[in-house]
Amino acid sequence: METYKRTNWTVNILIALGTIVVLFPLYMAITIALKDPQQMSQSLFGLPTTWRFDNFASAIELTNFFQAFRNSALVTTATVILTLLTNSMVAYAIGRNMDRKFFKGLYFYFVSAMFIPFPIIMLPIVKLTSSLHMTNLVGLTILHTVYALAFNVFVYVGYIRSIPAVLEEAATVDGATTWGTFWRIIFPLMAPINATVGILVCLSTYNDFLLPLIIVSDQNMYTLPLVQYIFQGQFNTDYNLAFASYLLAMLPMIIIYLFAQKWIISGVTRGSVK
């Protein structure tokens with residue numbers, strides 16, 4: 001005897017509404033990027049009557065897109081690698097020594113740093129980076145890595161404490177050092193959380209506007225969010241070129257997410273098997 005499940009129309013309607021809310025801004029961005037100012041004033045929500053693909057070429061030329069993208073890619077890649085290597089080691093040292101007052105205090109010190117608003121420390125950072133000659137991409141990478149430490153320690157410690165300490169004890173009996181145990185046993189088991197942290201750091205670093213704005217002084221080192229500010233004028237804004245530039249800047253992150261999504265799911269699956 002066949003059984004039929006009743007359709008939950010409430011859930012389906014909510015999913016449909018949520019999809020519209022997500023896709024509508026993307027639709028607006030694409031249509032505005034393919035219009036000229038006259039078409040946009042005549043019909044803001046309609047499809048373009050003439051597809052202006054040359055808006056993308058103009059946006060690339062005005063923003064020096066490829067140089068800015070190279071700067072953003074370098075900073076983002078270096079930040080993700082440094083974050084995964086350094087933050088995981090700090091969290092491992094804290095997570096395996098939470099019974100000691102020093103490491104427990106260090107853990108709460110990092111957690112408390114998440115509650116400090118960035119504008120409070122913005123001016124001291126500008127002064128410090130200027131005195132240390134760090135107003136460049138290297139300084140920007142270091143600052144992004146350090147700022148991610150507080151949240152990442154909080155996330156990493158919880159995951160590390162769920163890994164049985166018996167594995168490390170067995171490795172110690174076999175003659176492995178603490179360094180070897182971490183890199184050969186613990187770090188591979190952290191693949192799911194590393195994927196999560198890597199994606200979050202990648203998105204936040206690539207899309208960051210405020211930190212490069214106050215740190216980077218050389219225009220040749222501007223990242224993509226900074227060069228897009230060229231479309232914001234005092235009296236008017238070129239929305240067509242601006243949205244074309246925004247779409248170009250979004251494209252690398254969309255491609256990365258499409259490729260990384262499969263890796264994240266496989267990492268979570270591997271991490272769920274004990």
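Is Y246 buried, partly exposed or exposed? With a relative accessible area of 27%, Y246 is partly exposed; here buried means under 20% relative accessible area, exposed means over 50%, and partly exposed lies in between (1.4 Å probe, protein chains only). The structure is a predicted model, in which local features need pLDDT of at least 70 and side-chain atom pairs count only at pLDDT 80 or more, while totals for chains, interfaces and linings use all residues. Residues are numbered from 1 along each chain as its sequence is written, and side-chain values use heavy atoms, with hydrogens and water left out.

Aromatic rings make a friendly starting point. A pair of aromatic rings is described by the distance of the centres and the angle of the planes. A search of the whole structure finds 14 aromatic pairs; rings of Phe, Tyr and Trp (its six-membered ring) pair if their centres lie within 6.5 Å, and planes under 30 degrees apart count as stacked, over 60 as edge-to-face and the rest as tilted. One of these pairs joins Y107 and F108, with 5.4 Å from centre to centre and 70° between the planes, an edge-to-face arrangement. Y107 counts as buried at 12% relative accessibility, whereas F108 counts as partly exposed at 47%. The rings of F243 and Y246 also form an edge-to-face pair, because their planes stand at 65°, with the centres 5.6 Å apart. Both residues lie in helix α14 (residues 239–272), three residues apart, which is about one turn of the helix; helices (H or I, at least four residues) are DSSP runs numbered from the N terminus. Like Y246, F243 is partly exposed, with a relative accessible area of 22%. Elsewhere, ring pairs link Y92, W179, F182, W183 and F187 into a cluster.

In soluble globular proteins, nonpolar side chains tend to be buried together. A nonpolar core is a set of buried Ala, Val, Leu, Ile, Met, Phe, Trp, Tyr and Cys residues joined through side-chain atoms within 4.5 Å. The largest such core has 43 residues, and those with the most contacts inside it are F56, I94, Y107, V153, Y156, M190 and L224. Apart from this core lies another, of eight residues, among them L143, L211, I215 and V216. Contact means heavy atoms within 4.5 Å, and Y107 touches I94, M98, V153, F154 and V157 when residues up to four places away in sequence are not counted.

T181 is found in helix α10 (residues 178–189) and counts as buried at 2% relative accessibility. Residues up to four places away in sequence aside, T181 touches Y92, E168, A171, A176 and I186. T83 has its place in helix α4 and is buried, with a relative accessible area of 1%. Beyond its neighbours within four places in sequence, T83 is in contact with S88, T145, A148, N152, V197 and V201.

Grid points are joined across faces, edges and corners, and a volume is the space filled by probe spheres set on the points. The structure holds one cavity of 30 Å³ or more, and about 40 Å³ of space lies in the largest cavity. Helix α4 gives the most to its lining, with three residues. The largest pocket holds about 760 Å³ of space. Of the 23 residues that line this pocket, the closest to its centre are V146, Y147, A148, L149 and A150. By class, the pocket lining has 18 nonpolar, four polar and one charged residues, where Ala, Val, Leu, Ile, Met, Phe, Trp, Tyr, Cys and Pro count as nonpolar, Asp, Glu, Lys and Arg as charged, and the others, Gly among them, as polar.

Finally, two loop residues deserve a look. N64, in the loop between α3 (54–63) and α4, has a positive phi of about 50° although it is not a glycine. H133, in the loop between α6 (118–131) and α7, likewise is not a glycine but has a positive phi of about 55°. N64 is partly exposed, with a relative accessible area of 42%, and H133 counts as exposed at 66%.

Definitions and conventions:
1 Å grid on protein atoms, 1.4 Å probe; cavity = no way out; pocket = protein on both sides within 12 Å on 5 of 7 lines; lining within 4 Å.
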